[in-house]
Every structure is written in structure tokens, then in C-alpha cells.
Amino acid sequence: MELLGKTREELRAYCETLGEPAYRGSQIYHALYAERNFDLARVTSLPSALREKLAAEASITLPAVRQRYVSSDGSVRYLLGLGAQKDQARSKAAAVEAVFMPSEGRQTICISTQAGCAVDCQFCLTAQLGLIRNLSAGEIVAQVLLPLAEMEKGDSLTNSGRAAEGEEKDGLAARTNVVLMGQGEPLLNFENTFGALRILLDEEGVGLSPKRVTLSTSGIVPGIERMAKEEVRPKLAISLNASNDEQRNVLMPINKKYPLEALIDACRRYPLRHWEHLTFEYVMLGGVNDTPEDARRVVKVLGPLKRVKVNLIPWNPGELPFKESPESNIEQFRRTLTERGVPAFVRYSRGRDVMAACGQLALKEVGHTPLEVLP
């Protein structure tokens, strides 16, 4: 029985099958997600007999940290090895990436929901991998737990990611932002993604605030509609990246299935909370989608929506036939949107030198001395 990724209710039911009271499952849940204790032998709230029983019949399988690539800006790209999923007959071993980005007083963790991706965005290196397999809820949650556990130890991250001398270790999760913007399309792995999110956003679990977690989608309309009905959900971000269907069909072939009219209609009907905006991400590709005419068309596309903002993301170089937009083009684009009532911000990605930036996650080896790999 794999325990990582199981909900409180599942763990309570499991303990009952072992002849134990259900509340023991709640204790395991707290130890796993709130305490980030992955060694059941050290969960002293459990009686020794139960710990011995769990050691024989259950497991907590964390991804293997194959390598860490440390950026000059303090970001860490994790290359994680995943075994075949025990409960999936056709599952296979895979590798995936997560990125830890420390900042003053907080940290951001970018996680993956699939190994590879099937959406085939032309400007993204991850698309070159194709879809390898979906990640389980436990494999998704683990990408948050691993960096948080290392932060608490303070022994395996860059100096800028370490807790200050004497700083309280409690409350790390409260200072953590999580973005589902790594490998894969989250809404094409809906069940496992939201299984993980329910644990991440549970105050008794990992304890993240919905205001600090963002799911980014390429525009899977049925997934957006389904997400709108979820009681527990993160913020929503849409990868737009084009100003009309013709352009988006080329850059993001998923647009042929879910064109802009259908996408914007789903966004129009999406129930925003009182504190929430819809975020649209727009990767700036030099000479492709970065003209003043593109900016004016984006304003028109987003016209039917209330409470939106646009993040302009300079394209991060890779072995693809694109080039970066000049800074002057990006600034003019931003100004055009802002002057027409659409708040726009330029978001430079971190970790570019170790292939950890937006669109660069493609399991690439880089010539950079990594930190020591945990045994």
C-alpha cells in the first residue's frame, strides 16, 4: 500500500482494514504532510506495533533525486526519477522536473503534473518529449514536500534558500507559493492533479493557501469547466500566447480543438472569488506575436472578461526556431495593454542558465556543478 498521495479519509479507512482505530489514519496524514516525516519508524505518535505492521505492509515512496542543477540566481532544478506505478499495469519508470525558487521571505516551487506533455506547444522544449505518462497524486505532492523538507534541514539547498540562523522552521508552507507550470498539462491529468491539490490546500495537510497556488493550462475547456465546480481549487492561469486563432493554431495546436471563442466563453463563465483575477500568460516570441497589432488584438480578445491581468513572459532560449523579443517590443506591448485597461506585467523567468525557466524543462543535462545528491 503506497501511502503518499492518500487523503485523510483513505488513510483512516486503510487503518481500519488493519484492525486499527480510524484516527490512526489521521495521525499518519498529519505526519506525512504537515510534519513532512517520511519514515514511519519515527512517527512516535503511532504505537510501535502499528509501526511494525506498516513497515511490512505499506510504503512511502519519494521520487529519487537524480540531480540538482543550481542556477546563479539561486534557483534549483530538480531532476527526479520516478518508478513504475505499482497500481497501474502499463505504468513505466519516468523522469520529471521541479524547480525551487527562493526569494526574500518566501519561496516558489514549480511542479509537474505529467512526465512530458502531449499538448505540443511549438515554443516549449517539454513538448519535444511527448507524453510519457501521468503522475500520481503522490508524485505531484512529493515535488512540494521534498524542497520543503530540505528547507527545514537547511542542508541541501543554496544559501539563499536556507532558513536564517535561529529562524523558526514552523510555517514554511505558509510562505510557499506553488505553480503547476512544470511538465505536462494539469487538466489532462485532472483526477490526480486535484487529488494532490486537496492535500496541498488542506490546512491539516501541507497547509498552502489557495491564494498562493496557481494552475496553468493551455486552455483545456472541459477541464476549466470542471475546475470551476471544484470546492477546493487554486488560482487559474491560461496560456494565451497568440492574438487570434490563426496564430494560435500554429503555436498551440490544442487551439484547433478549443479555439479562442470557446476558451474565452469558458473563462467568462468561470466563477472568480472576490479576491481573484484570471491570469493570462503570453510568451513573447520575436517577430511572431509581439507587434503592436498583436497587443491591440489581445485587448479585443480579452474584452468580454472582467478582472483579468496579463503576464508577458520573454521567451527562454532553447533548441527551437524562435528568438527573443527585443525589450523595446515587450515594453510597447505592455504599455498598449495597460493603456487600454488590461493590466500587464513583464515576468522574467528564473533559472535560465540551468534550463529551469518557463518552457525549458526537457530533462536536459547541463554543464553546471550540482549540489550533492541525497543518498
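Biologist: Are phenylalanine 190 and phenylalanine 194 buried or exposed?
Modeller: In this predicted model, phenylalanine 190 and phenylalanine 194 both lie in helix H5, which covers residues 190–200. They are 4 residues apart, about one turn of the helix. Both phenylalanine 190 and phenylalanine 194 are buried.

Biologist: At what centre-to-centre distance do phenylalanine 190 and phenylalanine 194 form an aromatic pair?
Modeller: A search of the whole structure finds 4 aromatic pairs. One of them joins phenylalanine 190 and phenylalanine 194, with 15° between the planes. Planes under 30 degrees apart count as stacked. The pair is therefore stacked, and its distance from centre to centre is 4.4 Å.

Biologist: What percentage of the residues of the protein count as buried?
Modeller: The secondary structure comes to 10 helices and 12 strands. The protein exposes about 16600 Å², of which carbon and sulfur atoms supply 49%. Among its 375 residues, the share that counts as buried is 54%.

Biologist: Which residues does phenylalanine 280 touch, not counting residues up to four places away in sequence?
Modeller: The residues touched by phenylalanine 280 are Ile238, Leu240, Ile264, Cys267, Leu302, Leu305, Val308, Lys309, Val310 and Asn311.

Biologist: Within what arc do the buried residues of H10 fall?
Modeller: Helix H10 (residues 327–339) has 13 residues and reaches 18 Å from its first C-alpha to its last, close to the 18 Å expected. Its buried residues are Ile330, Phe333, Thr336 and Leu337. Seen down the axis of H10, they line one face of the helix because they fall within an arc of 130°.

Biologist: Against which elements do the buried residues of H10 pack?
Modeller: The face of H10 turned away from its buried side carries the exposed residues Glu327, Ser328 and Glu339. The buried residues of H10, in turn, pack against strand E10 (278–284), helix H9 (292–301), strand E11 (308–314) and strand E12 (344–346).

Biologist: How far apart in space are phenylalanine 333 and aspartate 290, C-alpha to C-alpha?
Modeller: Phenylalanine 333 has its place in helix H10, and its relative accessible area of 1% means that it is buried. Its contacts beyond four places in sequence include Tyr282, Met284, Asp290 and Leu312. Phenylalanine 333 and aspartate 290 are 43 residues apart in sequence, while their C-alpha separation in space is 6.9 Å.

Biologist: Which helices are included in what covers the buried residues of H2?
Modeller: H2 has 12 residues and reaches 16 Å from its first C-alpha to its last, close to the 16 Å expected. Its buried residues are Arg24, Gly25, Ile28, Tyr29, Ala31, Leu32 and Tyr33. The cover over these residues includes helix H1 (8–17), H3, H4 and H5.

Biologist: With which residues is asparagine 37 in contact, leaving aside its neighbours within four places in sequence?
Modeller: H2 is followed by arginine 36, whose phi is positive, near 55°. Asparagine 37 lies in the loop between helix H2 (23–34) and helix H3 (48–57). At 8% relative accessibility, asparagine 37 counts as buried. The residues in contact with asparagine 37 are Ala31, Leu32, Arg42 and Val43.

Biologist: What is the relative accessible area of asparagine 241?
Modeller: Most residues other than glycine have a negative phi. Asparagine 241 has a positive phi of about 65° although it is not a glycine. Asparagine 241 is found in the loop between strand E9 (235–239) and helix H7 (245–251). It is buried, and its relative accessible area is 2%.

Biologist: Does aspartate 120 count as buried or partly exposed?
Modeller: Aspartate 120 lies in the loop between strand E5 (114–116) and strand E6 (131–134). Although aspartate 120 is not a glycine, its phi is positive, about 70°. Buried means under 20% relative accessible area and exposed means over 50%. At 34% relative accessibility, aspartate 120 therefore counts as partly exposed.

Definitions and conventions. Residues numbered from 1 in each chain as written. Predicted model: local features only at pLDDT ≥ 70, side-chain atom pairs only at ≥ 80, totals over all residues. Heavy atoms only, no water. Helix = DSSP H or I, 4+ residues; strand = E, 2+ residues; numbered from the N terminus. Expected span 1.5 Å × (residues − 1). Buried < 20%, exposed > 50% of the residue type's maximum accessible area, 1.4 Å probe, protein only. Arc of directions from axis to C-beta. Contact = heavy atoms within 4.5 Å. Areas by Shrake-Rupley, 256 points an atom, 1.4 Å probe, with all protein chains shown as cover. Phe/Tyr/Trp six-rings, centres within 6.5 Å; stacked < 30°, edge-to-face > 60°.
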